[in-house]
Amino acid sequence: MNQDVLNNPVFQNIAPQKKAILLEFIKEANGLSPEKALPLLAKTNNKMKSLGLTFTKEESDLITTTLLSGLSPADRRKFEAIRKMLIK
């Protein structure tokens with residue numbers, strides 16, 4: 001994980017429960033291709049919903065930036081394509 005994330009003011013202000021879920025996701029998704037990370041992202045999203053939690057736009061942007069930082073350009077394009085499909 002990029003240590004800059006831990007020092008990011010957005011990350012510092014995330015509620016402890018959401019922070020724990022986010023750290024778990026980042027740890028599990030580390031090194032996964034977009035195709036393999038997608039089910040994990042869906043699982044994390046379902047966990048958040050079951051707990052009545054959501055990420056703010058700033059928190060979501062931080063997650064996206066963190067995920068993209070470890071990807072090759074080709075995998076970044078795949079991730080963005082998958083993300084756009086999920087947003088629709």
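## Helix H5

In helix H5, the buried residues are Glu59, Leu62, Ile63, Thr64, Thr66, Leu67 and Leu68; buried means under 20% relative accessible area, exposed over 50%, and partly exposed in between (1.4 Å probe, protein chains only). Helices are DSSP runs of H or I with at least four residues, numbered from the N terminus. The model is predicted, so local features need pLDDT of at least 70 and side-chain atom pairs count only at pLDDT 80 or more, while totals for chains, interfaces and linings use all residues. Residues are numbered from 1 along each chain as its sequence is written, and side-chain values use heavy atoms, with hydrogens and water left out.

H5 covers residues 57-69, and its 13 residues should span 18 Å at 1.5 Å a residue, which agrees with the 18 Å between its end C-alpha atoms. The expected span is 1.5 Å times one less than the number of residues. Aspartate 61 is also found in H5 and counts as partly exposed, at 33% relative accessibility. Between aspartate 61 and lysine 47 there are 19 Å in space, C-alpha to C-alpha, and the two are 14 residues apart in sequence.

## Nonpolar core

The largest nonpolar core has 14 residues, and those with the most contacts inside it are Phe11, Leu22, Phe25, Ala29, Ile63, Leu67 and Phe79. Such a core is a set of buried Ala, Val, Leu, Ile, Met, Phe, Trp, Tyr and Cys residues joined through side-chain atoms within 4.5 Å. Helix H3 (16-29) and H5 are the elements that give two or more residues to this core.

Leaving aside neighbours within four places in sequence, alanine 29 is in contact (heavy atoms within 4.5 Å) with Leu40 and Leu67. Threonine 44 lies in helix H4 and is buried, with a relative accessible area of 12%. With the neighbours within four places again left aside, threonine 44 is in contact with Ile21 and Phe25.

## Cavity

One cavity of 30 Å³ or more is found in a search of the whole structure. A cavity is a set of points on a 1 Å grid over the protein atoms alone where a 1.4 Å probe fits but cannot get out, and its lining residues have an atom within 4 Å of a point. The largest cavity has a volume of about 50 Å³.

Its lining consists of Phe25, Pro34, Ala37, Leu38, Leu41, Leu67, Phe79 and Ile82. Helix H4 (34-50) and helix H6 (73-87) are the elements that give two or more residues to this lining; H4 gives the most, with four residues.

Notes. On a 1 Å grid over the protein atoms alone, a cavity is a set of points where a 1.4 Å probe fits but cannot get out, and a pocket is an open set with protein on both sides within 12 Å along at least five of seven lines; lining residues have an atom within 4 Å of a point. Grid points are joined across faces, edges and corners, and a volume is the space filled by probe spheres set on the points.
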